[in-house]
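Please consult the sequence and the structure shown here alongside the text.

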Amino acid sequence: MVASSRTVKGPRGRRTLLAGVSCAVLVLAPLSGPSPAWAHDSAYAAGVGSPAGAGAWCESTQTTEQLDAAVSDTLRLTGVPGVAVGVWGPHCWYEKAFGVADKATGAPMRTDFYSRIGSETKTFTVTGVLQLVDEGKIGLDDPIAKYVPGVPEGDRITLRQLARMQSGLFPYSADEDFQLALVTDPYRSWTPQELLSYSFRHPLDFPPGEGLEYSNTNTVLLGLVVEKVSGLSLPEYIRQRITEPLGLEHTLFPTDNSFPQPHAQGYTTQTLDDSEAVATDWNPSWGWAAGAMISTLDDLRVWGKAVATGTLLSPATQEQRLQTVTAAPFPPDVGYGLGIFVAQGWIGHNGSLPGYQSLTLYLPQQKTTLVVLLNSDEPAPGIREPSSAFGTAITRVISPDHVFQLEAS
């Protein structure tokens with residue numbers, strides 16, 4: 001889901017809201033003939049770790065060529081420096097990188113890079129909440145006031161409403177003073193309480209449960225619930241209960257601006273004067289439970305399927321997770337569930353923060369996963385979210401009956 005469309009009057013004139021931890025969400029058309037037992041392994045291995053990240057196997061050579069063209073065309077259309085793309089399903093295994101990771105040196109993008117994943121962090125935080133539900137330690141219809149004091153209307157706002165973006169709480173990332181503080185010192189370390197203070201000084205945007213508004217405030221509160229009930233810090237909880245059980249060795253929740261190598265440089269125009277800056281080492285703590293995490297193409301391949309199918313949850317809880325609500329301006333086939341999107345049959349989430357965007361989706365009908373990692377969050381003419389443009393172009397090739405389209409045309 002795209003961040004709020006609010007705009008603010010900054011010191012240098014009108015500027016758009018920091019997308020920050022923006023959200024979004026989501027096959028290969030069945031091909032004839034038997035599916036070989038991963039006869040593509042040699043092609044896959046040849047691509048991993050190579051500078052260009054070229055590795056692909058598809059039953060149809062035409063599919064590979066169409067994917068190459070779709071990604072290359074979208075790279076030019078969006079103006080994004082570099083992109084890494086993964087498509088994995090019964091009939092295709094495609095991992096390739098396009099463009100550059102560093103504009104100054106011309107170093108190529110690679111498929112083995114770490115990347116900041118922004119709002120995809122929400123899928124991990126809400127999974128933690130739902131695990132605690134499965135353990136009987138919390139209830140989705142508990143009020144947030146039971147766990148976190150001082151929340152406006154906290155006795156009326158439930159954990160379910162927070163996870164489904166229906167609390168009505170003002171998005172702290174839309175507060176003008178917060179935006180100014182963030183772009184003035186993007187290396188600053190933020191606490192959850194500092195973030196929430198920017199939200200709580202505003203009235204609710206609508207009564208709890210009576211609207212839908214994407215708000216990082218919701219997920220920060222849920223992160224505090226996980227910490228209070230589990231007795232662990234949120235990064236440690238996610239490590240022990242989510243990433244380690246799934247073998248996600250390259251997925252982490254930094255507590256500062258640390259960023260493992262190798263990674264691409266990240267480019268943004270979310271600055272005081274709208275000029276382009278390198279945001280690679282900016283501190284993501286301002287996103288915390290809603291957007292601070294880092295991962296890789298291959299780890300997100302595993303996570304995309306796990307979160308969409310409920311690997312770490314009971315079937316009943318996963319069913320609740322996928323009960324979505326829909327509201328304008330999104331199409332009727334796009335809905336938000338409990339920290340997850342369902343769009344045109346695809347299940348997943350996207351992420352955006354200065355310098356990086358990501359998109360991780362799974363299509364159950366065709367058991368296919370799609371991951372896109374970008375080293376820019378800069379919009380292009382007519383394109384607000386570059387990651388969504390890649391999702392649309394790629395799914396036109398691999399799932400023509402399920403073309404990912406986040407916004408109404």
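Which residues point one way from strand 14 and which the other way, and are they buried or exposed? Y356, S358, T360 and Y362 point one way, Q357, L359, L361 and L363 the other, and all are buried (under 20% relative accessible area with a 1.4 Å probe, protein chains only; exposed is over 50% and partly exposed lies in between). The model is predicted, so local features need pLDDT of at least 70 and side-chain atom pairs 80 or more, while totals for chains, interfaces and linings use all residues. Residues are numbered from 1 along each chain as its sequence is written, and side-chain values use heavy atoms, leaving out hydrogens and water.

**Strand 14 and its partners**

- Helices (H or I, at least four residues) and strands (E, at least two) are DSSP runs numbered from the N terminus, and strands pair if DSSP finds at least two bridges between them.
- Strand 13 (residues 346-353) runs antiparallel to strand 14 and is joined to it by seven bridges; G348 stands opposite L361.
- Two residues separate these strands in their hairpin, where G355 takes a positive phi near 100°.
- Strand 15 (residues 368-374) also pairs with strand 14 in the antiparallel sense, over seven bridges, and L370 is the bridge partner of L361 there.
- The hairpin of strand 14 and strand 15 has four residues between the strands, and K367 in the turn has a positive phi of about 50°.

**Helix packing**

- Helix 3 (residues 121-134) and helix 8 (residues 234-246) pack at about 70°, with their axes 10 Å apart; axes are lines fitted to C-alpha atoms over the stretch in contact, and angles run from 0 to 180 degrees between N-to-C directions.
- The two helices are therefore roughly perpendicular (65 to 115 degrees).

Note on methods:
Angles under 35 degrees count as roughly parallel, over 145 as roughly antiparallel, 65 to 115 as roughly perpendicular and the rest as oblique.
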